[in-house]
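Below are some notes for a colleague who wishes to go through this model point by point. Please keep the sequence and the coordinates open while reading.

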Amino acid sequence: METIKRYYRVDRRQIAFIKFIFEAYDGIAGMRTINPTKGIIKLHIAPGCEEQVDRILQDLKKEILIQRLATEPSESS
């Protein structure tokens with residue numbers, strides 16, 4: 001199964017919390033930290049779960065900086 005990949009810049013102090021949130025929603029998305037210093041993460045979203053992930057992120061944005069990146073960042077950017 002192919003996942004949908006999306007990249008975000010988040011408050012780097014909240015990376016572990018965001019990962020915990022998505023782990024709690026078993027199976028909708030996995031998260032990988034691309035650059036912990038700059039707070040760049042990648043979400044691997046299960047097909048059909050995009051809307052649910054968007055709702056979770058909208059709720060988290062009320063308390064945490066989360067910006068979707070338009071392009072795939074390099075591993076060191």
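**Notes on the fold**

1. Helices here are DSSP runs of H or I of at least four residues, strands are runs of E of at least two, and both are numbered from the N terminus.

2. The model is predicted, so that local features need pLDDT of at least 70 and side-chain atom pairs count only at pLDDT 80 or more, whereas totals for chains, interfaces and linings use all residues. Residues are numbered from 1 along each chain as its sequence is written, and side-chain values use heavy atoms, with hydrogens and water left out.

3. As to overall dimensions, a compact globule of 77 residues would have a radius of gyration near 11 Å, and the 12 Å of the protein agrees with this; the radius is taken over C-alpha atoms, and the globule rule is 2.2 Å times the number of residues to the power 0.38. Along the principal axes, the C-alpha atoms fill a box of roughly 30 × 25 × 20 Å.

4. Of the 77 residues, 39% count as buried, where buried means under 20% relative accessible area, exposed over 50%, and partly exposed in between (1.4 Å probe, protein chains only). Among contacts (heavy atoms within 4.5 Å) between residues at least 6 apart in sequence, 69% join residues at least 24 apart.

5. Strand β1 (residues 4–10) runs antiparallel to strand β3 (residues 40–45), to which 6 bridges join it, and within this pairing Y7 stands opposite K42 of β3. Strand β1 also pairs in the antiparallel sense with strand β4 (residues 66–68), over 3 bridges, and there V10 has I66 as its bridge partner. Two strands are taken to pair if DSSP finds at least two bridges between them.

6. Which residues does E50 contact, leaving aside its neighbours within four places in sequence? They are I4, R6 and I45. E50 lies in helix α2 (residues 50–60) and is partly exposed, with a relative accessible area of 25%. Although E50 and I4 are 46 residues apart in sequence, their C-alpha atoms are 8.1 Å apart in space.

7. Concerning charge, the mean positions of the 13 positive and 11 negative charges are 6 Å apart. Lys and Arg count as positive and Asp and Glu as negative, while His and the chain ends are not counted; each charge is placed at NZ of Lys, CZ of Arg, CG of Asp or CD of Glu.
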